[in-house]
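Have it open as you read, and go through the points in any order you like.

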Amino acid sequence: MSSPRRASSRRRNPIIVLACCLLVILVFVVALILVFIPRQRTSAEGTSKNLADIIVRRCRVYVQEHESLGSRDCEEIKNRFLNSVIGKDPCNITMNDYDFFMEAARQNISCNKFLFWSKTKEIAHFVSSVYMNINVINPSKCVMTLEDSLVGYMMDGLKWCSRVGMKEMDYSSCPGWNDCELNSVKSFWKRASLYFASIACGNVSVMLNGSISDPFSDSSLFANTESRKLNSKNIDEVNILLVDSPPDRNMCESSSIRELRSVLSGSNIRYKCTALKSTEVKQCISSAQSCNCF
Ligand SMILES: *[C@@H]1O[C@H](CO)[C@@H](O)[C@H](O)[C@H]1NC(C)=O
Ligand SMILES: *[C@@H]1O[C@H](CO)[C@@H](O)[C@H](O)[C@H]1NC(C)=O
Ligand SMILES: *[C@@H]1O[C@H](CO)[C@@H](O)[C@H](O)[C@H]1NC(C)=O
Ligand SMILES: *[C@@H]1O[C@H](CO)[C@@H](O)[C@H](O)[C@H]1NC(C)=O
């Protein structure tokens, strides 16, 4: 009596199995979407591996290559850096949290060498590493970017954060640059930029990207921090270098650069604006004997 029923229920099985399979796949896909999409949007990786060792090593290399710095205690500088963030909320780190560290890493940079940059990192760093004055007894760099200063050199390309209650860095996850305003990394670069701009003197340059519509973008550190911290008492002139403007358009007259000009005028700082091609810049500095490319 029961065997025909069983047979008929067995006949329905493929449909039920198919329905079940589809349901399982659907649930799986939804789960994947829920799990992965939010992760991609927020926290990327955590603190750079071996952060403390990297800081000490870079500090020692830098001190060795820059005699004028005098002796520096790189262990102490590293400890001050770690103590600026360890045990703190990674989204509640202010510029002032780095003050004690900055005090130990301060330095003097020769006037006329300051090169600021925004959205031109690659060419700006190429210029600062290749452009040399070799017509003197001690060959020297023509320009210095923030990443050529001790603080910038130590931290360039690294990531870090800690958490409330933690006794070390968090190596599993850290907020991204735009996840929260007061994140450890952004506040550091703001603090370092502020210092770099505040000591700038003589004729300084800023390399901006002429191929984008807003080379002086509000969200850039140059626009919201550095350009506003330049001190007219120490600055002779700002040379705005606009790289790769479209050939048919004078970006020096664009509304974005006008805004920069008005910030500088407001601080009583003289400026000039020059449009350059990155290929010409590279060509000139590659064969330069002295600092006369721009
Ligand atoms: C951020 O940290 C400061 C101390 O550095 C504390 O006073 C403040 O309450 C914190 N804010 C938040 C939102 O946690
Ligand atoms: C910078 O130079 C001035 C004057 O030469 C000197 O008094 C000061 O200690 C130097 N600062 C640093 C951080 O080396
Ligand atoms: C200018 O910005 C664009 C878009 O981000 C980038 O592709 C280009 O390399 C930048 N130009 C320079 C000279 O850095
Ligand atoms: C800055 O450049 C101008 C020429 O544009 C020059 O006359 C002046 O002496 C320079 N200032 C310094 C401090 O070198």
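1. Which residues surround ligand 4? The shell consists of N112, N203, D236, E237 and K272, where a residue is near a molecule if one of its heavy atoms lies within 4 Å of it. Sorted by type, that shell has no nonpolar, two polar and three charged residues. For that sorting, Ala, Val, Leu, Ile, Met, Phe, Trp, Tyr, Cys and Pro count as nonpolar, Asp, Glu, Lys and Arg as charged, and the others, Gly among them, as polar.

2. A word on what you're looking at. This is a predicted model, in which local features need pLDDT of at least 70 and side-chain atom pairs count only at pLDDT 80 or more, while totals for chains, interfaces and linings use all residues. Residues are numbered from 1 along each chain as its sequence is written, chains are lettered from A and ligands numbered from 1 in the order in which they are written, and side-chain values use heavy atoms, with hydrogens and water left out.

3. The side chain of N203 has an N or O atom 2.3 Å from an oxygen of the ligand. D236 puts a polar side-chain atom 2.7 Å from a ligand nitrogen, and E237 has one 3.2 Å from a ligand oxygen. On its own, ligand 4 has 360 Å² of accessible area, and the protein covers 41% of that (areas come from the Shrake-Rupley method with a 1.4 Å probe; for residues, only the protein chains shown count as cover).

4. Ligand 2 has R106, Q107 and N108 around it. Taken alone, ligand 2 exposes 360 Å², of which the protein buries 30%.

5. Now the chain as a whole. There are ten helices and six strands, taken as DSSP runs (H or I, at least four residues, for helices; E, at least two, for strands) and numbered from the N terminus. Of the 294 residues, 43% count as buried, meaning under 20% relative accessible area, with exposed being over 50% and partly exposed in between (1.4 Å probe, protein chains only). The chain exposes about 16,500 Å², and carbon and sulfur atoms supply 53% of it. Take the contacts (heavy atoms within 4.5 Å) between residues at least 6 apart in sequence: 77% of them join residues at least 24 apart.

6. Have a look at helix 2, residues 51-65. Its 15 residues should span 21 Å at 1.5 Å a residue, and the end C-alpha atoms are 21 Å apart, so the two agree. The expected span here is 1.5 Å times one less than the number of residues. L51, I54, I55, V56, C59, Y62 and V63 are the buried ones in helix 2. The buried residues of helix 2 pack against helix 3 (74-85) and helix 6. In general, an α-helix has 3.6 residues a turn, so residues three or four places apart point the same way.

7. Is S162 buried or exposed? S162 counts as buried because its relative accessibility is 1%. You'll find S162 in the loop between helix 6 (150-155) and helix 7 (184-198). Its side chain has a polar atom 3.0 Å from the backbone nitrogen of G87, and also reaches the backbone oxygen of E168 at 2.8 Å. Leaving out residues up to four places away in sequence, S162 touches V85, I86, G87, K88, P90, E168, M169 and D170.

8. T225 belongs to helix 8 (residues 221-229). With a relative accessible area of 7%, T225 is buried. There's a polar contact at 2.8 Å between the side chains of T225 and N224 (a pair of N or O atoms within 3.5 Å; within protein, one must be able to donate a hydrogen and the other to accept it, and residues adjacent in sequence count only if both atoms are side-chain atoms). Beyond neighbours within four places in sequence, T225 contacts K190, S193 and L194.

9. L115, in strand 1 (residues 115-118), is buried at 0% relative accessibility. L115 and M144 sit 29 residues apart in sequence but 5.6 Å apart in space, C-alpha to C-alpha. Residues that L115 touches, setting aside those up to four places away, include A124, V127, F196 and M207.
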